[in-house]
Amino acid sequence: MKEKLEQIRSMAAEKLSAVDSLKGLEELRVELLGKKGALTQILKGMGSLSAEERPVIGQLANEVRGFIEGEMENKKNALLADEQARKLKEETIDVTMPGKVRQLGHRHPMTLVIDNIKDIFIGMGYEIAEGPEVEKAYYNFEALNIPKDHPARDEQDTFYVDGIGDFLLRTQTSSVQVRVMEKGKLPIKVVVPGRVYRSDEVDATHSPVFHQLEGLVVDKGITMGDLKGALAVFAKELFGENTKVRFRPHHFPFTEPSAEMDASCFACGGKGCRVCKDSGWIEVLGCGMVHPKVLEMSGIDSKVYSGFAFGMGLERVAMQKFGITDLRLLYENDVKFLKQF
Ligand code: DAH
């Protein structure tokens with residue numbers, strides 16, 4: 001029996017060294033130590049031994065079992081380590097392989113211009129206000145002193161919204177002037193960027209959807225001098241330190257007096273070039289002193305308060321600043337075009 005046990009020990013050692021997988025190791029465990037395993041068979045025969053032999057063989061059998069169990073544990077750890085090493089090797093990343101270049105986008109030229117202009121006014125202490133694009137006709141027209149039969153309504157060919165009463169797609173951000181004034185918080189110093197809609201045919205300078213930025217300042221003692229000062233600073237910030245401005249008389253129903261402001265051409269400095277169509281000036285915005293009727297309609301006492309307002313089309317600013325000659329390019333989302341900004 002002693003020899004048998006020694007035989008099992010050396011057979012186990014031999015087989016263990018040949019095992020190369022966890023599955024093989026488990027099979028070997030069953031073969032050696034399992035219920036029908038070699039060692040168990042031996043132990044079962046212990047009963048036929050003499051009283052002197054029994055403890056000797058018993059001790060040896062335990063030794064052999066301990067040896068096999070220990071070796072199996074070592075083998076198991078070695079196999080697990082091998083497996084880990086193999087995985088690490090197989091799954092390494094070759095950092096010298098060429099990577100996939102990710103195409104990073106950037107802001108749209110319109111967004112660049114809008115953010116730029118917003119920043120300028122924020123720097124001058126203005127707040128940003130917003131209003132709805134689907135607007136009550138009252139805010140878009142009546143409250144701005146444009147009554148039902150006023151010709152300005154025809155000029156702004158308008159998308160009316162059927163079925164929900166007197167609603168339309170706003171034709172101008174001026175509607176938000178009224179909404180801000182109606183809140184009753186004075187003084188007011190806001191700019192309002194946003195989309196506006198007009199039933200215009202698409203061409204190189206027209207789009208049924210475009211952007212405007214509105215400005216409104218209301219306080220005690222606001223004069224045309226405040227308007228000119230603020231807008232002259234704005235023009236310098238937008239087009240450059242040497243920019244000059246001029247104001248031409250104009251008419252808007254919601255301002256009195258009204259004017260249009262031109263800036264000296266940033267491209268040629270006023271000498272005349274393609275950008276300014278040889279005039280030396282570029283048209284920037286409409287402006288004026290808020291009409292007392294407009295203040296009163298919005299609940300502001302025009303004897304105590306006065307204000308100025310201005311409004312500009314932002315596509316035109318973007319086109320001038322970036323030298324874009326066709327407005328449609330801004331809406332076609334051609335990446336080759338957009339990449340240039
Ligand atoms: N709302 C005018 C337009 O769409 C632009 C405008 C002119 C706005 C004069 C103003 C302003 O606030 O004072 O043509």
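What follows is a chat about a predicted model of one chain.

Student: What kind of model is it, and which atoms do side-chain values use?
Tutor: It is a predicted model, in which local features need pLDDT of at least 70 and side-chain atom pairs count only at pLDDT 80 or more, while totals for chains, interfaces and linings use all residues. Residues are numbered from 1 along each chain as its sequence is written, and side-chain values use heavy atoms, with hydrogens and water left out.

Student: How many helices and strands does the chain have?
Tutor: The chain has 13 helices and 10 strands, where helices (H or I, at least four residues) and strands (E, at least two) are DSSP runs numbered from the N terminus.

Student: And what is the radius of gyration of the chain?
Tutor: The chain has 43 Å, whereas a compact globule of 341 residues would have a value near 20 Å; the radius is taken over C-alpha atoms, and the globule rule is 2.2 Å times the number of residues to the power 0.38. Along the principal axes, the C-alpha atoms fill a box of roughly 130 × 45 × 40 Å.

Student: What share of the residues is buried?
Tutor: Buried residues make up 40% of the 341, with buried meaning under 20% relative accessible area, exposed over 50%, and partly exposed in between (1.4 Å probe, protein chains only).

Student: What about contacts in the chain, how many join residues at least 24 apart?
Tutor: Taking contacts between residues at least 6 apart in sequence, 66% join residues at least 24 apart, a contact being heavy atoms within 4.5 Å.

Student: Switching to charges, how far apart are the mean positions of the positive and negative ones?
Tutor: The mean positions of the 46 positive and 51 negative charges are 3 Å apart. Lys and Arg count as positive and Asp and Glu as negative, with His and the chain ends not counted, and each charge is placed at NZ of Lys, CZ of Arg, CG of Asp or CD of Glu.

Student: Which strand order does the open sheet of three strands have?
Tutor: The order is 2-4-3, with antiparallel pairing, and the edge strands, each pairing on one side only, are strand 2 (134-136) and strand 3 (160-161). Two strands pair if DSSP finds at least two bridges between them; strand 2 and strand 4 (residues 167-169) have three, in the antiparallel sense.

Student: Which residue stands opposite Leu168 of strand 4?
Tutor: Glu135 stands opposite Leu168.

Student: Now prolines: where is the cis bond at Pro187?
Tutor: The cis peptide bond runs from Leu186 to Pro187, with omega near -5°, and Pro187 sits in the loop between helix 8 (174-182) and strand 5 (188-197). A cis peptide bond also joins Glu256 and Pro257, with omega about -5°, and Pro257 lies in strand 8 (residues 255-264).

Student: What is phi of Asn145, and is that residue buried or exposed?
Tutor: Asn145 is not a glycine, yet has a positive phi of about 65°; Asn145 is in the loop between helix 6 (137-140) and helix 7 (152-155), and counts as buried at 15% relative accessibility.

Student: And Lys277, buried or exposed?
Tutor: Lys277 is exposed, with a relative accessible area of 74%. Its phi is near 50°, a positive value in a residue other than glycine, and Lys277 lies in the loop between strand 8 and strand 9 (281-290).

Student: Last one: what is Ser298 in contact with?
Tutor: Leaving aside neighbours within four places in sequence, Ser298 is in contact with Val178, Met181 and Glu182. Ser298 is buried, with a relative accessible area of 6%, in the loop between helix 10 (292-297) and strand 10 (306-313).
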